[in-house]
Amino acid sequence: MKLYDYFRSSAAYRVRIAIELKGLAIQRIPVHLARGEQRRADYLAKNPQGLAPALELDDGTILTQSLAIIDYLDALAPHPLLTPKDPLRAAKVRGVALAIACDIHPLNNRRVLDYLRERLGQDDSGVDAWIHHWALQGGLEAVERLVEPGPFCFGAQPTLADVCLVPQLFAARRFSTPLETLPKLLAVEAHCLAHPAFAAAEPSRQADAEP
Ligand SMILES: N[C@@H](CCC(=O)N[C@@H](CS)C(=O)NCC(=O)O)C(=O)O
């Protein structure tokens, strides 16, 4: 299998964490988002959304969307299972994962920020205000209230919620979003980053990493 990846992509980072937790050997193919490689015809033929990540299976089938890819990996390699079997726990874990992946992350995506700058004429301070507002209010500040006693988001084992949280906090730091209102999430993040699988998936540890 091949993962179309970019070291700084938080959606791809989610998949890298899942791969590392499950101990899978998957080749990484970097797609340089800052240089626009996601919009090249050869990549669009694989992922018509022009987004990273995408997972190419050995028979050439392409899977898109990080959470769909992680669900597939959970079915393929269920140890550890990232979405618990128990329906109530699964719904809670998905609630946090989807809050991050559907309601927070898309608003700080590259193409959205480019649109704010290039089409709506926002300067850096306007774009920063947008990023910080949507990351925190009704975003990570709500997630702070949804997580349960740790050390992970939902107890003693990592789940899809942690897999989504750690990359979103990485993105928040990259955008200099103030995080002091999120003590529980920062404690979960510290615990995750001490785990070898989370550490191996960190952007700075990837072969395509740049300063
Ligand atoms: N919902 C998608 C989001 C994918 C996504 O937005 N990826 C970003 C990087 S984190 C991307 O490729 N951005 C390129 C762009 O906006 O042009 C997923 O979970 O896979």
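Analyst: Domain bounds, as used here, come from an automatic or database domain assignment. For this chain, that assignment gives domain 1 (2-80) and domain 2 (87-197). The model is predicted, so local features need pLDDT of at least 70 and side-chain atom pairs count only at pLDDT 80 or more, whereas totals for chains, interfaces and linings use all residues. Residues are numbered from 1 along each chain as its sequence is written, and side-chain values use heavy atoms, with hydrogens and water left out.

The C-alpha centres of domain 1 and domain 2 are separated by 20 Å. Where the two meet, 16 residues of domain 1 are in contact (heavy atoms within 4.5 Å) with 20 residues of domain 2. The size of an interface is often given as the accessible area lost when the parts come together. Between domain 1 and domain 2 about 1,600 Å² is buried, and 69% of this lies on carbon and sulfur atoms; the value is the accessible area (1.4 Å probe) that two parts lose on being put together, summed over both.

On the side of domain 1 that touches domain 2, α1 (10-22) and α3 (66-76) each supply at least two residues. Helices (H or I, at least four residues) and strands (E, at least two) are DSSP runs, numbered from the N terminus. The largest share comes from α1, with seven residues. By class, this side of domain 1 holds ten nonpolar, three polar and three charged residues; Ala, Val, Leu, Ile, Met, Phe, Trp, Tyr, Cys and Pro count as nonpolar, Asp, Glu, Lys and Arg as charged, and the others, Gly among them, as polar.

A polar side-chain atom of Asn 109 is 2.6 Å from an oxygen atom of the ligand. The side chain of Arg 14 has an N or O atom 3.1 Å from a ligand oxygen, and that of Gln 65 has one 2.7 Å from a ligand nitrogen.

Gln 65 sits in the loop between β4 (62-64) and α3, and its phi is near 70 degrees, a positive value in a residue other than glycine. Ala 52 is joined to Pro 53 by a cis peptide bond with omega near 10 degrees, and Pro 53 belongs to the loop between α2 (41-44) and β3 (54-56).

Definitions and conventions
A polar contact is a pair of N or O atoms within 3.5 Å; within protein, one must be able to donate a hydrogen and the other to accept it, and residues adjacent in sequence count only if both atoms are side-chain atoms.
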